[in-house]
Amino acid sequence: MDIERLDQAVQALCIWYRAGHRDLPWRRMPTPYHVWVSEIMLQQTRVQTVLSYYERFMRALPTVQALAEAPEEHLMKLWEGLGYYSRARNLQKAARVICEQYSGEIPCTCEELRTLPGIGPYTAGAIASIAGGQACPAVDGNVLRVVSRLLAREWDIRSQAVKRQAERELAAVIPSDCPGDCNQALMELGAMICLPNGAPLCDSCPVKTLCLAHAAGVEQRFPVRAPKKQRPVEQRMVFLLWKDGRLALRKRPHSGLLAGLWEFPNFLKGEDPEEQLGVQLTNIRPLAHAKHVFTHLEWHMAGFCAQTGDDGLFTWVTQEQLARDIALPSAFRTYRTIALEQFDL
Ligand code: SF4
């Protein structure tokens with residue numbers, strides 16, 4: 001019964017999608033490379049934000065080969081501000097595998113795509129269906145929300161078991177003649193009509209006559225979410241440390257949070273600054289506070305600027321180099337802006 005309903009819904013959604021949808025740059029020429037890069041950028045990031053990054057990325061690295069060969073600093077600079085930098089690193093790792101093992105041709109089956117770094121079931125499904133015409137589902141949080149409302153399922157959409165079940169059910173109904181349209185229609189409905197926050201726009205929904213949650217007037221009861229665990233909070237001190245008109249930067253460790261990325265020196269509040277920084281400080285002044293939310297952690301930061309005459313273990317850069325060459329994680333956005341505006345140190 002649910003399968004029949006889902007089958008009718010995906011047929012109706014394909015017709016609706018073909019009649020008109022958002023004109024997004026990666027949809028204009030949906031090559032495997034375009035779909036792949038856009039889907040990776042869209043993870044955890046809004047479409048409006050991705051648009052300019054995507055265009056710039058494609059101008060700079062228009063092919064898998066160019067991505068595979070890009071210097072790391074260049075790649076990080078292109079990604080600067082998008083966050084979750086491991087996405088960019090995995091893109092490049094996968095591009096290198098594609099060049100070495102697939103002669104530079106992105107494989108277009110779900111099975112092969114899933115063996116590549118950074119490509120999970122959703123991204124593999126999106127590339128294989130949109131660019132490869134393979135009838136496989138692409139299930140993310142948006143799609144789970146739509147399906148759970150359509151079928152009035154009390155699904156906890158954070159559960160991996162639920163995701164697998166949705167994949168199985170959609171795999172049974174996805175049309176083999178237009179799998180890409182079907183997956184994009186589900187994504188489009190989730191983004192434009194069956195909204196995550198607030199009331200969905202059911203009056204404009206092409207599947208409202210099939211939707212069980214709508215029939216019962218309980219759209220917003222779905223999806224069910226298990227309560228979130230509270231994120232731990234770290235109180236940190238961040239230093240804009242100046243020496244002869246240059247700023248101190250350092251690279252983070254090669255594993256863990258923001259692995260291998262540049263940062264302003266920072267450490268847990270309560271530690272001794274001179275001990276932590278390994279230099280003598282003068283002219284210490286407080287700066288703004290800032291907060292950054294990672295997936296599993298929050299940083300609450302107190303900023304300071306100071307001067308030193310010691311080199312310490314830092315890389316010293318000018319403001320021009322900071323603006324032009326250095327990709328700083330968005331966690332430091334507030335302090336980067338301040339650093340670029342300070343002239344008197
Ligand atoms: S009718 Fe409303 S709740 Fe149901 S799928 Fe459409 S937008 Fe979502």
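User: What is the volume of the second largest pocket?
Analyst: In this predicted model, the second largest pocket has a volume of about 160 Å³.

User: Which residues line the second largest pocket?
Analyst: The lining consists of T31, P32, Y33, H34, P62, T63, V64, Q65, S103, G104, E105 and I106. By class, five of these residues are nonpolar, six are polar and one is charged.

User: Which helix supplies the largest share of that lining?
Analyst: Helix α3 does, with three residues. Both α3 (32-42) and α5 (64-69) supply at least two residues each.

User: Turning to the strands, how do β5 and β6 run, parallel or antiparallel?
Analyst: Strand β5 (residues 282-293) and strand β6 (residues 298-307) run antiparallel, and eight bridges join them. A hairpin of four residues leads from β5 to β6.

User: What is the bridge partner of H289 in β6?
Analyst: H289 has A302 as its bridge partner in β6.

User: Now the helices: at what angle do α10 and α12 cross?
Analyst: The axes of α10 (residues 141-150) and α12 (residues 179-192) cross at roughly 85° and come within 8 Å. The two helices are therefore roughly perpendicular.

User: Which residues make that contact?
Analyst: From α10 they are N142, V143, R145 and V146, and from α12 they are L186, M187, L189 and G190.

User: How many of the contact residues are nonpolar, polar and charged?
Analyst: The contact of α10 with α12 has five nonpolar residues, two polar residues and one charged residue.

Terms used. Residues numbered from 1 in each chain as written. Predicted model: local features only at pLDDT ≥ 70, side-chain atom pairs only at ≥ 80, totals over all residues. Heavy atoms only, no water. 1 Å grid on protein atoms, 1.4 Å probe; cavity = no way out; pocket = protein on both sides within 12 Å on 5 of 7 lines; lining within 4 Å. Points joined across faces, edges and corners; volume = space filled by probe spheres on them. Nonpolar A, V, L, I, M, F, W, Y, C, P; charged D, E, K, R; others polar. Pairing = 2+ DSSP bridges. Axes fitted to C-alpha atoms, helices over the stretch in contact; angles between N-to-C directions. Parallel < 35°, antiparallel > 145°, perpendicular 65-115°, else oblique. Contact = heavy atoms within 4.5 Å.
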